[in-house]
Amino acid sequence: MVRPENMMSFMDATKSGIGKSFTFSSRSSRSEYWWWMLAGILFQIICTIIAVLGNVGVAAIFPILLVLPTATMIVRRLHDLEKSGWWFLIVFIPLIGILYLIYLFIQEGDMTENFYGPVPTNMLEL
């Protein structure tokens, strides 16, 4: 199976990220990963605005709900690059670790099935 030419949509990536919140196995495509990150940033901005304008302290802690789904998305993206999820720990190397992860995440994933599963289809699969 070859990589699909179409990318995953914003809504499908968001639904997939939520639906696979506890799934460390399988793979995630670039589009799924980057749309998920954008959704997370937008969610954090909205929560911050609500917390500041509405003086609602609870809204400030809502972004914590995205920690596990984001971690699993990162692991699945690393799997698409045929790297272990443990590579995520490289983020603890100041600056260099984050830059290296960004470099990895913009790379095209494996073109064929790898140790972590088949090529992502870019279709919503829950």
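Biologist: How many aromatic pairs does the structure hold?
Modeller: Six aromatic pairs. Rings of Phe, Tyr and Trp (its six-membered ring) pair if their centres lie within 6.5 Å; planes under 30 degrees apart are stacked, over 60 edge-to-face, and the rest tilted. One of them joins Phe10 and Trp35, edge-to-face, at 5.6 Å centre to centre and 85° between the planes.

Biologist: What is this model, and how are residues numbered?
Modeller: This is a predicted model, where local features need pLDDT of at least 70, side-chain atom pairs count only at pLDDT 80 or more, and totals for chains, interfaces and linings use all residues. Residues are numbered from 1 along each chain as its sequence is written, and side-chain values use heavy atoms, with hydrogens and water left out.

Biologist: What about Trp87 and Tyr100, how are their planes set?
Modeller: Their planes are at 40° and the ring centres 5.9 Å apart, so that pair is tilted. Trp87 has a relative accessible area of 34%, and Tyr100 one of 28%.

Biologist: Which residue lies over the face of Trp87?
Modeller: Lys83, at 4.9 Å from the ring centre. A charge sits over a ring if NZ of Lys or CZ of Arg is within 6 Å of the ring centre and within 35 degrees of the ring normal.

Biologist: Which residues form one aromatic cluster?
Modeller: Tyr33, Trp34 and Phe105.

Key: Buried < 20%, exposed > 50% of the residue type's maximum accessible area, 1.4 Å probe, protein only.
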